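Reader: Hi! Could you walk me through a few local details once we have the model open?

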Amino acid sequence: MAIDQSLGDSFEEKQHQAAYIFDPLGEGDSTSRPTKRRKVSRLSDQQETGQSDSWLHFQPLFGGSEHERWVRLRQRLFDESWSRIDKRIQHILRKANESTLGDVASFLQATPDHAPIGKIPSAFIITGPNLASQDLLFEQFSETLQNQVDARVVRLRSGDASNLKAVLKKIIHDVTAREVDDENDLELATGKDGHKYLNYDLEALYAHLKSNPRRHIIIAFQDSEAFDSGLLSDLISLFSSWLNRIPFALLFGVATSVELFQARLLKSTCQCLYGDQFDVEQSWSIIEKIFKAAIAYSDVPLRLGSSLVNTLLERQRDQVSSIPVFVSSLKYAYMCHFYANPLTVLLSDNQSDDVLQEEHFEAVRCLPSFRRRVETAIEGGGINRAKSLLDDSQHLIEFLHNSIQESRRWSLDLLRKLKILASGDVLSATFSELYLDAISDGIGTDRVAEFTDSIKRMQPSDVMAFLAQVTDNLEHGDSSLGLDPWDTEDTKATLFFAQTHAAMRTLRAEAEKHGNVLRSKYTGQTKVLRTTVIAQKVQLSRDSAALTREDTMYTELIDDLVEHLNKAIHCDGAKGRCMNEIWLFDSRAPYKDVFIPRPRGVVERALSRPHDYLNCSCCETKEDQIVPSLPPVAILYQLYLETGSLINVADLWSAYCAIVGEEDEEGSSEQAALVLFYRGLAEMRAMGFVKQSRKKADHVAKLAWGGL
């Protein structure tokens, strides 16, 4: 009787459980009553911890010995840095296509005055081939049109348009759900006159608009070319028949051209539309603006390396990723650097002398750039300075502060020189390409030679346009890069460019006065082809035409300009700067692991080498050796690799039992091993490695081969 009572109590205890744990070794006491949990107030917990971990997501580094205040400082620096960058990015995204949004709003506002009677106002938005950027674009259209045109906007995708009834349901729901609450849902379904409407009946929408009038009901077909042409024609015809009662207007996102889109529709359907074509800013132009605001901006605390950014841009160009994915990739790169680099605390502007602990000094002295600086000092005879850097922590702190300030001055100087390179479209490369090359290798002799050679071959008008733009950059800076005017800092350069520009304009006016075209000896117009006949043989030779006085003076100005640019534009790369490991991040591995997943490779590695993930001594093997202590699914996977296309389950069980049966010290029985075998086989099936064979009932089919 006591035994029955104890079994009944045990059964009642397990009644609430959603799953039961199978313990083949009997390590746990299944009949023991779980310990009662005492409800603890969250307020008391926060009072006990002082809310110390309420927002702390970063982990202590240096093997856990990093002080909590430095962990908090790293996280705060990341949050503050990215918040400033994200604010600039959101401003760019909001300002993108601003002119197009205004044009579409003006078109819809003016349609009652100039649109033919019985035709639906339609705006054809040429979005280009990047479909991933359409979400942001149509979200902007939705917000702008609802505020400026007094309209309700319904966004439709091809996935929402399985049939006509589904589309009408979504339109009616989206228009009415934003204005009615739960109490008025019944009124919408039945109407004020007691008439019941179906959820796909446009009569319900018409009844709703009587009490909530709107200037337009805008239907936005986001990916219109992916819609079924027959369904699209039926929708347009239906909207046209209701146009005298419901003020419909249409937006079409077109990736190709309006002509190709029109060819997919019936002629009678096209006659129901009255519209105009609008072009939007392409996503690559927006990416270039985001590049300047987030990567190349003057006050960014972290510089991203060329290899990482090139990977991001290649993925953006080849895989046509959306702009939010590109922004998320940048944020993840920032997070990786501040999360894993303890020396990022040096990027704080309000540093104190005791900002570093002893582990920081050891990490600094292990940096490759620091070692190169010490070796350079020793080779130059500065042994005392090298010794103080290695032994004196206070001197090292001053050196670190100076290095950080020097890196910021280098960044500012680099951006100013890149502005000169990018002025006047002298080079065919974009600013992002110039910036990435300069970050990687600096502005070297080859780039400067290419730049100056292009200036020599340019026409005088193009050279003067280049000088005017350079002077404007010096006097006004560049807001997109956060550059302030630097004409007062570099008065010699400002005066030189201004005087050269004025002298060239004077020479051109004098040449035009004498009826000549101003040119230099480097332009192709000064090269003439001379023909000489000697002994009935024609010889061709290239000679230079005579230069006028104005041409000679213009050539001298070009030579002076080239000489000045050769001296002023050279710059070192980022990796050659001291302490670049603190403010430069160029690792592609974290990005590839997160944004370019390799699920099959990861699963195969976990099954073949479980020690890499579990980090336990029982799973550590040598040369893929199969040991009984491995997880059952890992043992089955090793045996799975040795099989053919069909696997006999009985043979697989025999091989598995032969491996795990060698170790029976804790009393594990054959039944327990069989349960683990079936669980491992079920996991293999869930992961897609095997399936039931139709040829033989006692076999399973192999679906994946290792390394393929």
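Reader: Where does Asp-425 sit?
Author: Asp-425 lies in the loop between H18 and H19. Helices here are DSSP runs of H or I with at least four residues, and strands are runs of E with at least two, numbered from the N terminus.

Reader: Before we go on, what kind of model is this, and how are residues numbered?
Author: This is a predicted model, in which local features need pLDDT of at least 70, side-chain atom pairs count only at pLDDT 80 or more, and totals for chains, interfaces and linings use all residues. Residues are numbered from 1 along each chain as its sequence is written, and side-chain values use heavy atoms, with hydrogens and water left out.

Reader: Thanks! What is phi at Asp-425?
Author: Phi of Asp-425 is near 55 degrees, a positive value in a residue other than glycine. Most residues other than glycine have a negative phi.

Reader: Is Asp-425 buried or exposed?
Author: Asp-425 is exposed, at 68% relative accessible area. Buried means under 20%, exposed over 50% and partly exposed in between, using a 1.4 Å probe and protein chains only.

Reader: And what about phi and the location of Met-579?
Author: Met-579 also has a positive phi, near 65 degrees. Met-579 is in the loop between H23 and helix H24 (580-583), and with 0% relative accessibility it counts as buried.

Reader: Switching to helices, how do H12 and H19 pack?
Author: H12 (residues 283-294) and H19 (residues 431-441) pack at about 40 degrees, with axes 10 Å apart. The axes are lines fitted to C-alpha atoms, for helices over the stretch in contact, and angles run from 0 to 180 degrees between N-to-C directions. H12 and H19 are therefore oblique to each other; angles under 35 degrees count as roughly parallel, over 145 as roughly antiparallel, 65 to 115 as roughly perpendicular and the rest as oblique.

Reader: Which residues meet there?
Author: From H12, Glu-288, Phe-291 and Lys-292 meet Phe-431, Ser-432, Tyr-435 and Leu-436 of H19, where contact means heavy atoms within 4.5 Å.

Reader: Nice. Which residues of H20 are buried?
Author: Val-448, Phe-451, Thr-452, Ser-454 and Ile-455 are the buried residues of H20. Down the axis of H20 they fall within an arc of 155 degrees, so they line one face of the helix; the arc is taken from the directions from the helix axis to the C-beta atoms.

Reader: What do those buried residues pack against?
Author: They pack against helices H18 (393-421), H21 (460-476) and H23 (549-568). The face turned away from the buried side of H20 carries the exposed Thr-445, Asp-446 and Arg-457.
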